[in-house]
Amino acid sequence: MKNPATPRVSSRKQPRQARSTALVETIVQAATQVLAEEGAARFTTGRVAEKAGVSIGSLYQYFPNKAAILFRLQSDEWRQTTDMLRNILQQPGPPALVRLRQLVQAFIHSECAEAAMRSALHDAAPLYRDAPEAQAIRLEGQSIIAAFMRELLPEVDEAARGLAGELITATLSEVGRSYSSSPRTQAEIVVYADAMADMFAAYVRGIS
C-alpha cells in the first residue's frame with residue numbers, strides 16, 4: 001500500500017522584482033491575518049486572496065495550495081525561533097545556565113505574544129510537517145541545541161545528553177503552548193519563566 005503523497009509546500013517561484021516581492025509580502029500578511037482571526041480549519045486560499053485584494057490566479061503564481069502558504073508562515077516562525085536559539089545560546093560570555101534561563105524567558109514571552117498564530121499553526125502542522133522542506137528547517141535548530149547541550153553537559157555521555165536536550169526542548173515547547181493559551185501579564189510571564197528555568201537548572205545539575 002502506497003503512503004499518501006506529501007503535499008507540495010515550496011513556492012512555485014521566487015519573486016525577482018520589487019513588485020512581485022511586494023505581492024508575496026501582501027499575500028503573507030493577509031494569510032497571517034486570516035489564520036489568526038479564523039484558525040486553521042477555516043483557512044483557504046480564497047479567503048487569503050480576498051483579504052490580500054488579489055486574484056486567486058495571482059496567489060497561485062507563488063503558492064500552489066494552502067499548505068504552501070501555511071508552510072511559509074510556519075517556516076518564518078521557525079526561522080525566528082532558530083535565530084533566537086542562535087543569538088542566545090551561541091553568544092560568548094554568559095555561563096551556559098544563564099543562557100538557558102535567557103532562552104526560557106525569551107521563548108515564553110514569544111509564545112504569549114503570538115499565541116493565536118502559533119496555536120493555529122500547530123493545528124495546521126499535519127499539512128506540512130513531513131515535507132522535506134520542513135525537516136530541513138527543523139534540523140538547523142536541533143543542531144544548535146545539540147551543540148549547546150555539549151557545552152552545558154560536557155561530562156555526560158552522548159545518549160544521556162541527547163535525552164536531556166529532547167526533554168528540555170519538548171517541555172519548553174509543550175508547556176509554553178499550554179501556558180500561552182490564556183492571557184498573561186508581563187509580570188506573570190517573568191515569574192513563570194523563571195520557575196521553569198529553575199526547574200531546568202535543577203535537572204541539569206542533577207545529571208551533571
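Buried residues make up 39% of the 208 residues in the protein chain; buried means under 20% relative accessible area, exposed means over 50%, and partly exposed lies in between, with a 1.4 Å probe and protein chains only. The model is predicted: local features need pLDDT of at least 70, side-chain atom pairs count only at pLDDT 80 or more, and totals for chains, interfaces and linings use all residues. Residues are numbered from 1 along each chain as its sequence is written, and side-chain values use heavy atoms, leaving out hydrogens and water.

**Overall fold**

- The protein chain has nine helices and zero strands. Helices (H or I, at least four residues) and strands (E, at least two) are DSSP runs, numbered from the N terminus.
- The pattern along the sequence is α-α-α-α-α-α-α-α-α.
- The C-alpha trace spans about 60 × 45 × 40 Å along its principal axes.
- Among contacts with a separation of 6 or more, 72% join residues 24 or more positions apart. Contact means heavy atoms within 4.5 Å.

**Nonpolar cores**

- The largest nonpolar core holds 29 residues. Such a core is a set of buried Ala, Val, Leu, Ile, Met, Phe, Trp, Tyr and Cys residues joined through side-chain atoms within 4.5 Å.
- Leu35, Phe43, Val48, Leu59, Phe63, Ile69 and Tyr128 have the most contacts inside this core.
- Helix H1 (18-38), helix H2 (45-52), H4, H6 and H7 each supply at least two of its residues.
- H1 gives the most to this core, with seven residues.
- Val48 is in contact with Ile27, Ala30, Ala31, Val34, Phe43, Leu59 and Ile69, leaving aside neighbours within four places in sequence.

**Largest pocket**

- The largest pocket contains about 1,200 Å³ of space.
- Its lining has 39 residues, and Trp78, Arg138, Gln142, Thr169 and Ser173 are the closest to the pocket centre.
- On a 1 Å grid over the protein atoms alone, a pocket is an open set of points where a 1.4 Å probe fits, with protein on both sides within 12 Å along at least five of seven lines; lining residues have an atom within 4 Å of a point.
- Grid points are joined across faces, edges and corners, and the volume is the space filled by probe spheres set on the points.
- Helix H4 (66-89), helix H5 (96-113), helix H6 (115-124), helix H7 (132-152) and helix H8 (158-179) each supply at least two lining residues.
- H8 gives the most to the lining, with 12 residues.
- The lining divides into 18 nonpolar, 10 polar and 11 charged residues. Ala, Val, Leu, Ile, Met, Phe, Trp, Tyr, Cys and Pro count as nonpolar, Asp, Glu, Lys and Arg as charged, and the others, Gly among them, as polar.

**Helix H5**

- H5 has 18 residues and should span 26 Å at 1.5 Å a residue; its end C-alpha atoms are 26 Å apart, which agrees. The expected span is 1.5 Å times one less than the number of residues.
- Buried residues of H5 include Ala96, Arg99, Leu100, Leu103, Val104 and Gln105. Phe107, Ile108, Ser110, Glu111 and Cys112 of H5 are buried too.
- Cover for these buried residues includes H4, H6, H7, H8 and helix H9 (186-207).

**Selected residues in H4**

- Thr81 is found in H4. Thr81 counts as buried because its relative accessible area is 16%.
- Thr81 touches Phe107 and Arg118, not counting residues up to four places away in sequence.
- Thr81 and Ala106 are 25 residues apart along the chain, with 9.8 Å between their C-alpha atoms.
- Arg79 is also found in H4. Arg79 counts as partly exposed, at 45% relative accessibility.
- Arg79 and Gly176 are 97 residues apart along the chain, and 18 Å separates their C-alpha atoms.

**Selected residues outside the helices**

- Asp130 lies in the loop between H6 and H7. Asp130 is exposed, with a relative accessible area of 54%.
- The C-alpha atoms of Asp130 and Tyr62 are separated by 21 Å.
- Ser208 sits in the segment after H9. Ser208 counts as exposed, at 62% relative accessibility.
- Ser208 touches Leu153 and Val156, not counting residues up to four places away in sequence.
- Ser208 and Arg42 are 166 residues apart in sequence and 48 Å apart in space, C-alpha to C-alpha.
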